[in-house]
Amino acid sequence: MTILVMGIFGHPGDASLAIEAVKEQGIKPKQISVVTKQKNTLNVISHDTGIGRTESGEGNEGLFGTAKALGVGLEMLPDTAVAAGPAARKLAGAELDGDGLAVSLISIGIPQEDAEVYARHAAKEHIIVIVTLEEEQNQQAVSTLFEQHHAIPLGSP
């Protein structure tokens, strides 16, 4: 059975340090995904931790990406999530203003109530780290490492 452990971080340095600490416990980069609102932030985290390249979702690259970024900046289009890691294909490009990211999080196994809260954190430019564990891997150790690196509690405003 697969277990998801999630951490919310307010600072890219905390997220990167938490990811590195998790990797030191034997968790492979292909078990770690990250989702946030800021592409530049995620590019730095991805580069520093080796979790994979940042994905923006459909239509966010090239000429269409430039047009979409302009539309988001002018508040004509909703902002969307960027993601890295194995869950990136399901999370990248999800809308942050509606229920798009929450639905995407539900699709990877997050309960609806929690998914809605995680999506609100991502919309506030927080960084969501998702670690996929197998049964034999220590869920509590990962949670403790997240706490040690200043993870924000799920229920925090």
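Biologist: How far apart are Lys23 and Glu20 in helix α1?
Modeller: In this predicted model, Lys23 and Glu20 sit three residues apart in helix α1 (residues 12-24), so about one helical turn separates them.

Biologist: And what do their side chains do?
Modeller: The Lys23 and Glu20 side chains meet in a salt bridge, at 3.3 Å from N to O.

Biologist: Is Lys23 buried, exposed or partly exposed?
Modeller: Lys23 is partly exposed, at 23% relative accessibility. Glu20 is partly exposed too, with a relative accessible area of 27%.

Biologist: How many salt bridges in total?
Modeller: The count comes to two.

Biologist: Where do Glu55 and Arg89 lie?
Modeller: Glu55 is in the loop between α2 and α3 (62-73), and Arg89 is in helix α4, so the pair ties together parts that are 34 residues apart in sequence. Glu55 counts as buried, at 17% relative accessibility, whereas Arg89 is exposed, at 72% relative accessible area.

Biologist: Now α2. Which of its residues are buried?
Modeller: Leu42, Ile45, Ser46 and Thr49 are the buried residues of helix α2 (residues 39-49). Viewed down the axis of α2, they fall within an arc of 100°, so they line one face of the helix.

Biologist: What is on the other side of α2?
Modeller: Asn40 and His47, which are exposed.

Biologist: Last topic: which residues form the negative surface patch?
Modeller: Glu95, Asp97, Asp99, Glu113 and Glu116 form that patch. One of them, Asp99, lies in the loop between α4 (88-91) and α5 (100-107). Asp99 is exposed, with 54% relative accessible area.

How values were computed. Residues numbered from 1 in each chain as written. Predicted model: local features only at pLDDT ≥ 70, side-chain atom pairs only at ≥ 80, totals over all residues. Heavy atoms only, no water. Patch = residues over 30% accessible without salt bridge, like charges linked within 9 Å, V, L, I, M, F, W, Y side chains within 5 Å. Areas by Shrake-Rupley, 256 points an atom, 1.4 Å probe, with all protein chains shown as cover. Salt bridge = Lys/Arg side-chain N within 4 Å of Asp/Glu carboxyl O. Lys, Arg positive; Asp, Glu negative; His and termini not counted. Charge placed at Lys NZ, Arg CZ, Asp CG, Glu CD. Helix = DSSP H or I, 4+ residues; strand = E, 2+ residues; numbered from the N terminus. Buried < 20%, exposed > 50% of the residue type's maximum accessible area, 1.4 Å probe, protein only. Arc of directions from axis to C-beta.
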